[in-house]
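Thanks for coming, everyone. Please take a look at the model on the screen, and then I'll walk you through a few spots.

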Amino acid sequence: MTPRFLAACRREPVDRPPVWLMRQAGRYLPEYREVRARAGGFLEMVKTPEHAVEVTLQPVRRLGVDAAILFADILLVLEPMGLDLQFEEGRGPRILNPVRGRDDAGRLRVPRDAGIDLAYVMETVRGARAGLPAEVPLIGFAGAPFTVATYAAEDGAETEELLLEKLARVTTSYLLAQAQAGAQALMLFDSWASRALDVAFRHARTVLATVRELVGAEVPLIYFAKGAGARLDDLATIGADVIGIDATVDLREARARIGDRVAIQGNLDNEVLRSADPAGVRDATMRLLEAAGPRPGYIANLGHGVLPETPVLNVAAFVDTIRTWKWPASPRALRPAPKT
Ligand code: CP3
C-alpha cells in the first residue's frame, strides 16, 4: 500500500487527506524542549544525529501525523560554503560574516557533494527512516536559494546573481543526497519569496528541474512560497508536484484554479492554532476540509509553521479531526431532502 501522504502528493485517491504540520518538531512539544535542554542548544541538537532523529520521531509518536519531516534547518548549507552560522537564544539565526556583494559571493565555496559536508544530516535521514513505521514517509527539505540568501546576505546582496547560483547548486546537491539517504519526498522552503517573487521563482525553478532530473519522478517535490498567493499559475508550473499555500490564500478558490495540475498543501492559520480552543480548532479544520473538497491531491497542513506557544491539545485536535474525517457517501447527503 502506498502511504497516503505519497499517494496524495501524486494526486491518487486516498481514504482521507493526509496531515502533517510545518515545524511539527519544535518548542511547543515538552519532549522537544527536554532534548534541547540536554543538547545545550539548537545547533548542538541538529548536529547530534541521535537527538535529531529523536525529535523527528516525536510528533509521529505523539500525534500520529502521516509524514515526518527531517529535523534540520534551511541555513545549515551555509556553513560548508564558508559562512559562520549562529542561533542565538531567543533571537534566531545570525551570520557573522554575511555576503555584502559580488566579491564575497565569489569567495563562497560550492561543495561538490553536500552530503559529505553535511554528513550528520544524512545520518539523521537514515536513522529517522529506520525508526519510522512503513506507512509514514520521511520528508527531506532545503531552503530555496532566494530565502537562504536573505539570511546569508546584507546590504541588498540577496539578489546577487552569483550568490543565488551558488546556493542553487549546493541546494540541488544537498537534496539529492537526502533522497539517496532515504528521504521519500523533498520540500523547498521559500519563506521570503514575496520580497522578490520573480527572482525567487527563477532560482527555485532551476533547483526543482535539476533535482527532478536527478531523483526521477518517484520522489514528490513540494514547493512552499509564503506570500505568493497571487501567483498560483506560476506556482502550478514551477516544477513541483505539490505546492504549499499560506493562510492568506482561499483554499477553495486555489483548488478550483489549480485544478489537476498539482496537489495543494495547507493552509490552516497557525495563529488560529495558537489562540483558539480545541473546539474552535475542530471547527476551523472541518471548514478547511470542506474547502479542499473530495478531489484527490490535497494534503492538510498549516499556512506556516507551528508557533512555540501553541497548546499541544490544539495540535492534537487538528490532527485528530483529519484522522477521523470521512467524506459524505454522496454530496447529496448534505442537502435537505427534496420536497414532495
Ligand atoms: O519540524 C520541522 O518543520 C522540521 C525542521 C525545520 C526547522 N526549521 C527547525 C527549526 C524546518 C523545516 C525549518 C525551516 C526553516 N528554518 C525556515 C523555513 C520555514 C519557515 O518557518 O519559514 C526558515 C526561514 C528557517 C530559519 C530559522 N531557523 C529561523 C528564522 C529560526 C528562528 C526562529 C524560531 O522559530 O526560533 C530557526 C530556528 C529553528 N529551526 C527552530 C527549529 C525547531 C527553533 C530552534 C529552537 O529550538 O530554539
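Start with helix H8 (residues 145–152) and helix H9 (residues 161–181): their axes come within 9 Å and cross at roughly 120°. Axes here are lines fitted to C-alpha atoms, for helices over the stretch in contact, with angles running from 0 to 180 degrees between N-to-C directions. Helices (H or I, at least four residues) and strands (E, at least two) are DSSP runs, numbered from the N terminus.

A word on the source. This is a predicted model, where local features need pLDDT of at least 70, side-chain atom pairs count only at pLDDT 80 or more, and totals for chains, interfaces and linings use all residues. Residues are numbered from 1 along each chain as its sequence is written, and side-chain values use heavy atoms, leaving out hydrogens and water.

Now Gln-178, which sits in helix H9. Buried or exposed? Gln-178 is buried, because its relative accessibility is 0%; buried means under 20% relative accessible area, exposed over 50%, partly exposed in between (1.4 Å probe, protein chains only). Among the residues it touches are Leu-70, Met-122 and Phe-141, with contact meaning heavy atoms within 4.5 Å.

Next, the backbone. Most residues other than glycine have a negative phi, and most peptide bonds are trans. Arg-11 has a positive phi of about 60°, and Arg-23 also has a positive phi of about 60°. The Gly-266 to Asn-267 peptide bond is cis, with omega near -15°. Asn-267 lies in strand E8 (residues 263–268).

How values were computed:
Lists of a residue's contacts leave out its neighbours within four places in sequence.
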